[in-house]
Amino acid sequence: MAQSTMLLFAKKIQLESKWNEMYLSNEGKITTEMLQLGDEIKKVIRSILKAQEEDAYNYANSTDYEIHQFAG
């Protein structure tokens, strides 16, 4: 997995941790700041998925243009 993807995963975990801390400190109430944080988490997830799709495309079989996940 590319290092940039790993950095995105780290950012996602960090944001989720912050969201969880805020949830606990607000006694289970969701604030507008948490909603904004949730939107940022979604953007990071989309970036992760896009990076994974690009990695899969780069590993596509050049002969038949299919992606072989389990090919050695």
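This is a predicted model: local features need pLDDT of at least 70, side-chain atom pairs count only at pLDDT 80 or more; totals for chains, interfaces and linings use all residues.
Leu24 lies in helix 1.

A pair of aromatic rings is described by the distance of the centres and the angle of the planes. For Trp19 and Tyr23, the ring centres are 5.5 Å apart and the planes stand at 10°, so the pair is stacked. The stacked class requires planes under 30 degrees apart. Both residues lie in helix 1, which covers residues 3-25, and they are 4 residues apart, about one turn of the helix. Trp19 is partly exposed at 22% relative accessible area, and Tyr23 is partly exposed at 33%.

A charged contact is found in helix 1 as well. The structure holds 1 salt bridge, in which the side chains of Lys12 and Glu16 meet at 3.1 Å, N to O. Lys12 and Glu16 are 4 residues apart in helix 1, about one turn of the helix. Their accessibility classes can be read from the cut-offs. Lys12 has 19% relative accessibility and therefore counts as buried, since buried means under 20%. Glu16, with a relative accessible area of 28%, is partly exposed, because this value falls between the limits of 20% and 50%.

Key. Residues are numbered from 1 along each chain as its sequence is written. Side-chain values use heavy atoms; hydrogens and water are left out. Rings of Phe, Tyr and Trp (its six-membered ring) pair if their centres lie within 6.5 Å; planes under 30 degrees apart count as stacked, over 60 as edge-to-face and the rest as tilted. Helices (H or I, at least four residues) and strands (E, at least two) are DSSP runs, numbered from the N terminus. Buried means under 20% relative accessible area, exposed over 50%, partly exposed in between (1.4 Å probe, protein chains only). A salt bridge is a side-chain nitrogen of Lys or Arg within 4 Å of a carboxyl oxygen of Asp or Glu.
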